[in-house]
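Please read this briefing alongside the sequence and the model. The points are grouped by topic.

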Amino acid sequence: MSNTVIKVENLSKQYRLGEIGTGSITHDVNRWWSRVRGKEDPYLKIGDVNDRTVKGDSEYVWALKDINFEVKQGEVLGVIGRNGAGKSTLLKILSRTTTPTIGSVKIKGRIASLLEVGTGFHPDLSGRDNIFLNGAILGMTKQEIKNKFDEIVDFAGIERYIDTPVKRYSSGMYVRLAFGVAAHLESEILIIDEVLAVGDAEFQKKALGKMQDASTQEGRTVLFVSHNMAALSTLCTTSILMQYGQIVAQGNTRQIIDKYISAGIHSEGEILQDEIIYKEKSSKAFFNSIRVICNNKITNLVGIGDEVIIELEYTIVVQDTILNCSIHLLDNFGACIFATTNLASANLLVDDYSGKSLQMGRYKSHCKIPANFLNDANYVINAFLVPKDNHDMASVENALTLSVTETGEMRKEYTGQWIGMLRPKFAWNTIFVG
Amino acid sequence: MEELLNKNEHWDLELKPRTSLLDINLKEVWQYRDLMVLFVKRDFVAKYKQTVLGPVWHFIQPILTTLISFMLFNVVANIPTDGMDSILFQMSGIIIWNYFSTCLTNCSNVFVTNASIFGKVYFPRLVMPLSIVISNIVQFGIQLLLLFCTMIFIGIYKGEQIYIGWAWLMIPVYVFIMAITGLGLGIIFSSLTTKYRDLSVLLAFGIQLLMYATAVNYPLSFIAKKSHKLYNIIKLNPIASLVDGFRNAVLKGNVDFHSLVYPVIFMTVTFFIGMILFNKVEKTFMDTV
């Protein structure tokens, strides 16, 4: 007997766009008529891929299309994808709040879903009453809640307020209580959507720990949807990556996260004027292009041992502008690893145009990142053009991604995982002192 | 070989696009009985939270309505009450009608008002309308107590003959028929209104009009005397027979079993239609609500 607890087969879900009104009655009648004649639903044949940004021809879209995957017992599966990738629809079907249009899901064991914390909390009821109510909504019996009651109160840390209406709670207390109830569910399968985005850091850690216990110690299966890559990577062993309602990749969480990062952001190693999306626009200058150059080629895939040049090409449109360029390098999670600029005192070389009044026209600035400095990871580049008074600057976030891959150059001795955001090759020496 | 194994594998739950019409899982509803009790408790506790008078409001509302109806229909319009005390006549009609109308309105809104819960968690949706019917029974019970107190008061104060007897055993029967009819109609309305809201607009004023066609403030016999045609039309409304029957049973001890036949048939039919519609709609209503 296999230990697969969730089996999703050919799962698809169609939604109708636009308003429901008089127009939808004709479709309903049409649908009913074809069913009477024993024909297929005419609206199932059409339908666009669910890309929300592009205007489609059809009123019908497939929020999910041919989803297939299996989850084994005790597995913690992450579901990753941009907004609109179909994650929530998938969770809705799994948690039985809606049904699929085509396909099926087979489930072994009790399933509990946490698409939101505090579902059904009544503001006027006390914490105690709400624990029972919320627990029952999530599928616990009264006896089960009674047994866990003290644990829940303790976990939430709200003992003093237990008989106060929850509308008097601080939002943190409210969320802690709600998560406390959910975390003590006794279901074999737990579906969690973004609930960790609440509470303070300490509570998040507690919640994360609780979920980890659920899978490692209690052998429960967890499906976890989040945009928090750090939480995903610590919690989930495997993940699926969704895009436009389809699964595009499946496997080891770290690899999936890398794929997710590089899939969404421009991945060509070059971004041109009309593709650039500014966070802030300047009246003094604009970018013509931003590119990554390695071994005289434009690419965003470089090796550990390669020297990387980031080239900013920009046009100055106001005479006598004093301006400097700046680059931020970020990791997958959006944390800045370093910021660098061509201001004279922050530059290894002498830049002839730095700090000078520039005449109108096009300029190119190069920033050289030495070889053997970056780690085997994905990075994101933000680029800035900063006029002298720091006002009116042009900024582009997520302009490019940079994938640095292992070449084995620094791996002749040590082959394990190399931690750290950077992997600089520094000067080491050892002397014998006694 | 693997094919064979897979076929024999047991799954606890299978989610598929369409299930049969009568696939109503009452066993599951029973598993969630604790939730039903908690919903009833919630409705009851939360209703008058942060009010000074609290549960006293359960009494004030029917008392005031009774007084107004008494003034209008009995003092001003001088409509006879079939030999029953007019105050008791009005009050008994009002409380049983209130029970039915709140059941119907609340059940008919069940999908729309609970969309936020239904969209996040699964539990058998039928739990919700059932809990509405039950929590209204509690309220009805309280008001029935008020009616009994008023009867005793009027009996002592006015020295009128008050009926106490076996016919009171019929009260649960009337309430049951009312409850299931209200539930059935309510879930029919709620199922039909998830996609097209037209019916809820109709229901909002329809229920007010229905009250006048339900013999709440006048006896059916009065209509029978005035116009036979109108009487036959009003008899089409099963609730009219129920309200009239309930009043006669409680205040006079007259039980007319023949008048129950039509309401019982009506109840059974609406309940089954309701269940079928509700069952069909509950699975996908989140997409259209």
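Helix α14 of chain B (residues 258–282) has 25 residues, and its first and last C-alpha atoms are 36 Å apart, close to the 36 Å expected at 1.5 Å a residue. The expected span is taken as 1.5 Å times one less than the number of residues in the helix. Helices (H or I, at least four residues) and strands (E, at least two) are DSSP runs, numbered from the N terminus. The model is predicted: local features need pLDDT of at least 70, side-chain atom pairs count only at pLDDT 80 or more, and totals for chains, interfaces and linings use all residues. Residues are numbered from 1 along each chain as its sequence is written, while chains are lettered from A and ligands numbered from 1 in the order in which they are written.

**Helices of chain B**

- The buried residues of α14(B) are B:P263, B:F266, B:M267, B:T270, B:G274, B:M275, B:F278, B:N279, B:V281 and B:E282. A residue is buried if 20 or more other C-beta atoms lie within 10 Å of its own, exposed if 12 or fewer, and partly exposed in between, with C-beta atoms placed from the backbone.
- After α13(B) comes B:G253, which has a positive phi near 80 degrees.

**Chain B overall**

- Chain B contains 15 helices and one strand, and its C-alpha atoms fill a box of roughly 85 × 50 × 35 Å along the principal axes.
- Of its 289 residues, 37% count as buried.
- Among contacts in chain B with a separation of 6 or more, 81% are between residues 24 or more positions apart. Two residues are in contact if their C-beta atoms, placed from the backbone, lie within 7 Å.

**Contact between chains A and B**

- Chain A contributes 34 residues to the contact and chain B contributes 29 residues.
- On the side of chain A that touches chain B, β5 (102–107) and α3 (127–137) each supply at least two residues. The largest share, five residues, comes from β5(A).
- That side of chain A has 15 nonpolar, 13 polar and six charged residues. Ala, Val, Leu, Ile, Met, Phe, Trp, Tyr, Cys and Pro count as nonpolar, Asp, Glu, Lys and Arg as charged, and the others, Gly among them, as polar.
- β5(A) runs antiparallel to strand β1 of chain B (residues 13–15), to which three bridges join it. Within β1(B), B:E14 stands opposite A:K106.

**A sheet in chain A**

- Five strands of chain A form an open sheet in the order β14-β20-β19-β16-β17, with mixed pairing. Two strands pair if DSSP finds at least two bridges between them.
- β14 (301–303) and β17 (336–341) of chain A are at the edges with a single partner strand each, so one side of each has no neighbour in the sheet.
- β14(A) pairs with β20(A) in the parallel sense over three bridges, and A:G303 has A:T405 in β20(A) as its bridge partner.

- A:D392, not a glycine, has a positive phi of about 60 degrees; it is found in the loop between β19 (378–387) and β20 (394–405) of chain A. With 17 other C-beta atoms within 10 Å, A:D392 is partly exposed.
- B:N78, also a residue other than glycine, has a positive phi near 55 degrees and lies in the loop between α4 (57–76) and α5 (86–108) of chain B. B:N78 counts as exposed, with 7 C-beta neighbours inside 10 Å.
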